[in-house]
Amino acid sequence: MNVEEFRDYCLSLPDTYQKMPFSGFFKNANSILVFYVGTKMFCFFDINKFDKCTLKCNPDEIEQLKADYQAVEDPFNLSKKYWVGIRFNEDMPDDKIKTYVKQSYDFVASLQKNKLVKQ
């Protein structure tokens with residue numbers, strides 16, 4: 001999978017948009033592409049490196065994911081309770097990575113929906 005294929009997949013999810021919000025906050029972060037649903041991010045990666053992505057994850061699934069795949073690691077600079085890093089081109093096939101991107105999207109979208117219902 002290449003960067004454009006992965007980007008296109010993320011943008012194919014309903015109501016998804018992309019931004020590069022970290023360029024003013026972190027050194028060398030001007031190439032971090034973030035995908036959002038509503039006001040919350042569900043996936044991001046470095047477009048210049050494209051060696052891994054970071055996804056929101058159900059906290060109950062993180063340890064099992066790490067046990068099942070060497071490609072799964074702690075996220076970069078985020079909560080280990082809700083986020084995982086997944087390295088590309090390792091023991092997790094591309095279609096499985098896309099499945100976890102979709103789960104991340106669904107998880108964040110459901111949180112957004114619940115937030116709107118409570119208001």
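Six strands make up an open sheet in the order 1-2-3-4-6-5, with antiparallel pairing. Strand 1 (16-19) and strand 5 are the edge strands, each pairing on one side only. Here two strands pair if DSSP finds at least two bridges between them; helices (H or I, at least four residues) and strands (E, at least two) are DSSP runs, numbered from the N terminus.

Before I continue, a word on the source. This is a predicted model, in which local features need pLDDT of at least 70 and side-chain atom pairs count only at pLDDT 80 or more, while totals for chains, interfaces and linings use all residues. Residues are numbered from 1 along each chain as its sequence is written, and side-chain values use heavy atoms, with hydrogens and water left out.

Let me turn to the strand pairings. Strand 3 and strand 4 run antiparallel and are joined by 3 bridges, with Phe45 opposite Cys53 in strand 4. Strand 4 in turn pairs with strand 6 in the antiparallel sense over 5 bridges, and Thr54 stands opposite Gly85 in strand 6. On to strand 5 (residues 72-73): 2 bridges join it to strand 6, again antiparallel, and Val72 has Ile86 as its bridge partner in strand 6. Strand 6 is largely enclosed by the rest of the structure, because 4 of its 5 residues are buried. Buried means under 20% relative accessible area, exposed over 50%, and partly exposed in between, with a 1.4 Å probe and protein chains only.

Next, the interior. A nonpolar core is a set of buried Ala, Val, Leu, Ile, Met, Phe, Trp, Tyr and Cys residues joined through side-chain atoms within 4.5 Å. The largest such core has 27 residues, and those with the most contacts inside it are Phe6, Phe42, Cys53, Ile86 and Met92. Among the elements that give two or more residues to this core are helix 1 (3-12), strand 3 and helix 3 (94-118). Helix 3 gives the most, with 5 residues. A second, separate core of 8 residues includes Phe22, Ala29, Ile32 and Tyr36.

Where does Phe42 lie? Phe42 is in strand 3 (residues 40-46), and it counts as buried because its relative accessibility is 0%. Ser104, in helix 3, likewise counts as buried, at 0% relative accessibility. Leaving aside residues up to four places away in sequence, Ser104 touches Phe42, Leu55 and Lys56, where contact means heavy atoms within 4.5 Å. A polar atom of the Ser104 side chain lies 3.1 Å from the backbone nitrogen of Lys56.

I close with the aromatic rings. Rings of Phe, Tyr and Trp (its six-membered ring) pair if their centres lie within 6.5 Å; planes under 30 degrees apart count as stacked, over 60 as edge-to-face and the rest as tilted. The structure holds 10 aromatic pairs. Phe6 and Phe88 form an edge-to-face pair, 5.2 Å centre to centre with 75 degrees between the planes. Since Phe6 lies in helix 1 and Phe88 in the loop between strand 6 and helix 3, this pair ties together parts that are 82 residues apart in sequence. Both Phe6 and Phe88 are buried. Tyr17 and Tyr36 are stacked, because their ring centres are 5.2 Å apart and their planes are at 10 degrees. Tyr17 is partly exposed, at 33% relative accessible area, whereas Tyr36 is buried, at 8%.

Definitions and conventions:
A polar contact is a pair of N or O atoms within 3.5 Å; within protein, one must be able to donate a hydrogen and the other to accept it, and residues adjacent in sequence count only if both atoms are side-chain atoms.
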